[in-house]
Amino acid sequence: MKVWNATASRMRCMATMRVLQTYLDGALDEVAARRVAEHLEDCRRCGLEAEVYQEIKTALGEQDRTVDPRAIERLRHFGEQLARGDASAHGDHGA
Ligand SMILES: [Zn+2]
């Protein structure tokens, strides 16, 4: 088990969320993209958010599918939680 500073972790999450769309667009520079990829591997929470983004992107790309507004709402909620700093309060005790 690695020592994992909660504040540093949260800052990485916020930084990751900030560039996630750019990353998924393939428009992020190589160094930053690798950092994001590593974080997504490490951080299940951000990994899941990345999947949601991918779903939204896919849905937007397919005109016959509509974006689930709950997915967007969930993303916004997630960002707000991170900003308030209480995401960790219920982050790690599910399955
Ligand atoms: Zn994260």
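Select Cys 13, Met 17, Leu 20, Tyr 23, Val 36, Cys 46, Ala 50 and Leu 82: these eight residues form the largest nonpolar core. A nonpolar core is a set of buried Ala, Val, Leu, Ile, Met, Phe, Trp, Tyr and Cys residues joined through C-beta atoms within 7 Å. A residue is buried if 20 or more other C-beta atoms lie within 10 Å of its own, exposed if 12 or fewer, and partly exposed in between, with C-beta atoms placed from the backbone. H1 and H3 are the elements that give two or more residues to this core, and H1 supplies the largest share, four residues.

The model is predicted; local features need pLDDT of at least 70 and side-chain atom pairs count only at pLDDT 80 or more, while totals for chains, interfaces and linings use all residues. Residues are numbered from 1 along each chain as its sequence is written.

Next, display the whole chain as a cartoon. Four helices and zero strands are present, in the order α-α-α-α along the sequence. Helices (H or I, at least four residues) and strands (E, at least two) are DSSP runs, numbered from the N terminus. Of the 95 residues, 14% count as buried.

Now select helix H1 (residues 6-24) and helix H2 (residues 30-42), whose axes come within 10 Å and cross at roughly 120°. H1 is therefore oblique to H2. Axes are lines fitted to C-alpha atoms, for helices over the stretch in contact, and angles run from 0 to 180 degrees between N-to-C directions. Angles under 35 degrees count as roughly parallel, over 145 as roughly antiparallel, 65 to 115 as roughly perpendicular and the rest as oblique.

To see where these helices meet, select Arg 12, Thr 16, Val 19, Leu 20 and Tyr 23 of H1, together with Ala 32, Ala 33, Val 36 and His 39 of H2; these residues make the contact. Two residues are in contact if their C-beta atoms, placed from the backbone, lie within 7 Å. The residues of this contact comprise six nonpolar, two polar and one charged (Ala, Val, Leu, Ile, Met, Phe, Trp, Tyr, Cys and Pro count as nonpolar, Asp, Glu, Lys and Arg as charged, and the others, Gly among them, as polar).

Finally, select Glu 49 in helix H3 (residues 44-61). Glu 49 counts as buried because 22 C-beta neighbours lie inside 10 Å. Leaving aside residues up to four places away in sequence, Glu 49 touches Met 17, Leu 20, Leu 75 and Phe 78. Met 17 is 32 residues from Glu 49 along the chain, yet their C-alpha atoms are separated by 8.3 Å.
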